[in-house]
Amino acid sequence: MRVCVSVSNDVFSDNRVKKTCQSLGNYGFEVHLLCKKAKDKTQENNFIRHDTAFLFKKNFLYYAELNIKFFCKALWQKSNLLWANDLDTLLPMFLVSRIKGIPLIFDSHEMFTEVAELKDGSIQKKFWKFLEKLIVPKLKYITTVCNPIKDYFKDNYGVESSIIKNIPPYSEANQSRKHYPLQEKYIVWQGSVNIDRSLEELVLAMKEIDCPLYILGKGDIVHNLEKMIKEQGLENKVLMLGRKSFEEMMTITRNATLGISLDKPTNRNYAISLPNKIFEYINAGTPVLATPLQEIKPIIETYKTGVLMEDCKPTKENIALKINEIINNNILLQSLSDNCLKAQKELSWQNEEKVLYALLDKILNKERKN
């Protein structure tokens with residue numbers, strides 16, 4: 001059996017896609033991944049990459065080129081199953097599914113039409129909304145990352161979804177207990193460096209915080225943050241480490257005193273998001289400071305793995321106050337870190353993988369009957 005998977009990025013640090021491909025391979029599929037050509041390409045042993053170079057780098061022409069090229073490649077592939085990651089690769093996989101009569105799974109990692117980069121009333125947002133309305137009601141198999149997106153598809157298009165959270169796999173190697181105070185004190189933020197994630201406030205707060213901040217990732221506001229860091233004289237205190245492989249990122253996070261996740265509910269996508277970093281901090285045994293968003297708050301409160309800000313839109317002053325309060329309380333840090341270790345077995349990709357395998361069983365059993 002062969003599955004053709006599509007994703008619009010280069011998968012260097014997209015751990016959800018890598019985990020999905022690994023699980024599909026373990027299930028018995030030969031996995032072929034259509035993705036963007038990577039500058040920092042690494043060899044993948046569990047799936048076959050079909051890197052695609054693009055003439056255009058962004059906006060409408062980029063997505064038009066991507067959809068055309070992915071359609072041609074997916075049409076050429078001899079596949080038993082198609083898997084589209086997010087709305088920006090759904091159209092070519094949907095067309096190939098209809099042309100060749102192959103089942104398609106749509107994996108929605110976020111509420112794509114509500115991301116901060118798509119401004120209300122813009123042509124781009126109207127286009128993606130039109131595409132969503134056109135295709136999603138016709139889909140039989142959808143997976144997503146949290147309940148609010150599942151409810152969104154059900155309420156708006158009458159379709160059911162399976163929830164597969166983006167959680168790292170459980171490993172005995174991650175069960176080694178951290179002992180506070182750590183030899184080196186620093187805090188870490190990881191993810192896509194984009195707007196409305198309180199990064200500007202966090203950088204300014206570092207003037208009042210007695211340890212360094214490591215920012216891991218890349219995104220739209222990297223240059224703005226670098227300029228701010230220089231203007232504020234924080235070059236030795238706030239380190240922009242860029243994008244790392246998942247393994248490198250997690251090594252840094254495991255040794256951190258505290259992990260930060262301060263998304264603001266300024267758009268619908270952020271308001272209902274369940275960031276990967278929440279589970280990655282838990283997997284690393286690193287306590288988290290987070291904003292009390294709809295999907296984050298129950299995780300932190302249930303497993304007692306972190307501290308919540310009182311405000312969903314924190315200021316530099318209350319960020320500094322809260323971080324100093326936490327990093328100087330080794331008894332609290334030790335308790336939160338120990339709770340992370342307890343939560344790891346339940347919050348694991350191995351448990352999420354069971355949902356994926358149940359969906360594959362359902363699809364293949366239906367195909368055999370047909």
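Tutor: One term comes before the rest. Buried means under 20% relative accessible area, exposed means over 50%, and partly exposed lies in between. Also keep in mind that this is a predicted model.

Student: Fine. How many aromatic pairs are there in the whole structure?

Tutor: The search of the whole structure finds 13. Take Tyr62 and Tyr63: their ring centres are 5.0 Å apart and the planes make 65 degrees, so the pair is edge-to-face.

Student: Is Tyr63 buried, exposed or partly exposed?

Tutor: Partly exposed, because its relative accessibility is 26%. Tyr62 counts as buried, at 6%.

Student: And how are the rings of Phe127 and Trp128 arranged?

Tutor: Edge-to-face, because their planes stand at 70 degrees, with the centres 5.2 Å apart. Phe127 is partly exposed at 33% relative accessibility. Trp128 is buried, with a relative accessible area of 6%.

Student: Which residues do the ring pairs link into a cluster?

Tutor: Phe54, Phe60, Tyr62, Tyr63, Phe70, Phe112, Phe127 and Trp128. So both pairs we discussed belong to that cluster, because ring pairs connect Tyr62, Tyr63, Phe127 and Trp128 with the others.

Student: What lies over the face of Trp349?

Tutor: Lys19 does, at 5.0 Å from the ring centre.

Student: Sheets next. What's the strand order in the seven-stranded one?

Tutor: E3-E2-E1-E4-E5-E6-E7. The sheet is open and its pairing is parallel. Strand E3 (48-52) and strand E7 (162-163) are the edges, each pairing on one side only.

Student: How many bridges join E6 to E7?

Tutor: Two, and the strands run parallel. E6 covers residues 141-144. Thr143 stands opposite Ser162 in E7.

Student: Which strands does helix H1 lie across?

Tutor: Helix H1, residues 15-27, lies across E1 (2-6), E2 (30-36), E4 (81-85), E5 (104-108) and E6. The helix runs at about 160 degrees to E2. Helix H3, residues 90-100, packs on the sheet too, touching E1, E4 and E5. Its direction makes about 165 degrees with that of E4.

Student: And the six-stranded sheet, what's its order?

Tutor: E10-E9-E8-E11-E12-E13, open again, with parallel pairing.

Student: Why is one side of E10 and of E13 left without a neighbour in the sheet?

Tutor: Because strand E10 (238-242) and strand E13 (306-308) stand at the edges, each with a single partner strand. From one strand to the next, the twist averages 20 degrees.

Student: How do E9 and E10 pair?

Tutor: In the parallel sense, over four bridges, with E9 spanning residues 213-216. Met240 in E10 is the bridge partner of Ile215. Helix H7, residues 222-231, lies across E9 and E10, at about 155 degrees to E10.

Student: Last topic. How many disulfides does the search find?

Tutor: Zero, across the whole structure.

Student: What about Cys146, which cysteine has the closest sulfur?

Tutor: Cys312, but its sulfur is 15 Å away, too far for a bond. Cys146 is buried as well, with a relative accessible area of 1%.

Note on methods:
Residues numbered from 1 in each chain as written. Predicted model: local features only at pLDDT ≥ 70, side-chain atom pairs only at ≥ 80, totals over all residues. Heavy atoms only, no water. Phe/Tyr/Trp six-rings, centres within 6.5 Å; stacked < 30°, edge-to-face > 60°. Buried < 20%, exposed > 50% of the residue type's maximum accessible area, 1.4 Å probe, protein only. Lys NZ or Arg CZ within 6 Å of the ring centre and 35° of its normal. Pairing = 2+ DSSP bridges. Contact = heavy atoms within 4.5 Å. Axes fitted to C-alpha atoms, helices over the stretch in contact; angles between N-to-C directions. Disulfide = S-S within 2.5 Å.
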